[in-house]
Amino acid sequence: MRKIDDPFIAGFPLLDLHGEDRVGAIVKVKELISDSIKLKNYNLVLIHGKGTGVLKEAVHEYLKHDKRVLDYKLDNINDGITIVKLKEQ
């Protein structure tokens with residue numbers, strides 16, 4: 001598990017997608033969202049890295065269409081991280 005130095009997101013559940021392909025990354029993101037809603041964690045951190053941007057694009061495309069996602073954005077400090085806000089249920 002990676003350590004995040006940003007105190008504003010350090011306590012959020014974290015998923016590191018380094019080394020994943022698009023399909024595997026989306027499966028893991030779906031599972032994290034489902035588990036987080038059950039545990040009432042409505043803020044998540046996804047680490048997709050910078051690289052070529054393939055994972056970031058795939059993850060953002062999925063998040064755009066998932067009805068459980070309220071909002072998502074790149075981290076201000078590190079654009080290899082996406083912060084996700086889920087709808088409270």
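The legends below describe close-up views of a predicted model.

View 1. Strand β3 covers residues 69-74 and strand β4 covers residues 81-86. The two strands pair in the antiparallel sense, with five bridges between them.

**View 2. Gly80 in the loop between β3 and β4.** Gly80 belongs to the loop that links these two strands. Its relative accessibility is 2%, and because the cut-off for buried is under 20%, Gly80 counts as buried. Gly80 touches Leu46, Ile47, His48, Gly49 and Lys50, leaving aside residues up to four places away in sequence. For Lys50, the C-alpha atom is 4.6 Å from that of Gly80, although the two residues are 30 residues apart along the chain.

**View 3. Helix α2 and its packing.** Helix α2 has twelve residues and spans 54-65. From its first C-alpha to its last it reaches 17 Å, close to the 16 Å expected at 1.5 Å a residue. Its buried residues are Leu55, Ala58, Val59, His60, Tyr62 and Leu63. These buried residues pack against α1 (22-38), β2 (43-47), β3 and β4.

View 4. Asp66 sits in the loop between α2 and β3. With a relative accessible area of 9%, Asp66 is buried. The side chain of Asp66 makes a polar contact with the side chain of Tyr62, at 2.6 Å. Tyr62 is itself one of the buried residues of α2.

Methods. Residues numbered from 1 in each chain as written. Predicted model: local features only at pLDDT ≥ 70, side-chain atom pairs only at ≥ 80, totals over all residues. Heavy atoms only, no water. Pairing = 2+ DSSP bridges. Helix = DSSP H or I, 4+ residues; strand = E, 2+ residues; numbered from the N terminus. Buried < 20%, exposed > 50% of the residue type's maximum accessible area, 1.4 Å probe, protein only. Polar contact = N/O pair within 3.5 Å; in protein donor to acceptor, adjacent residues only side chain to side chain. Expected span 1.5 Å × (residues − 1). Contact = heavy atoms within 4.5 Å.
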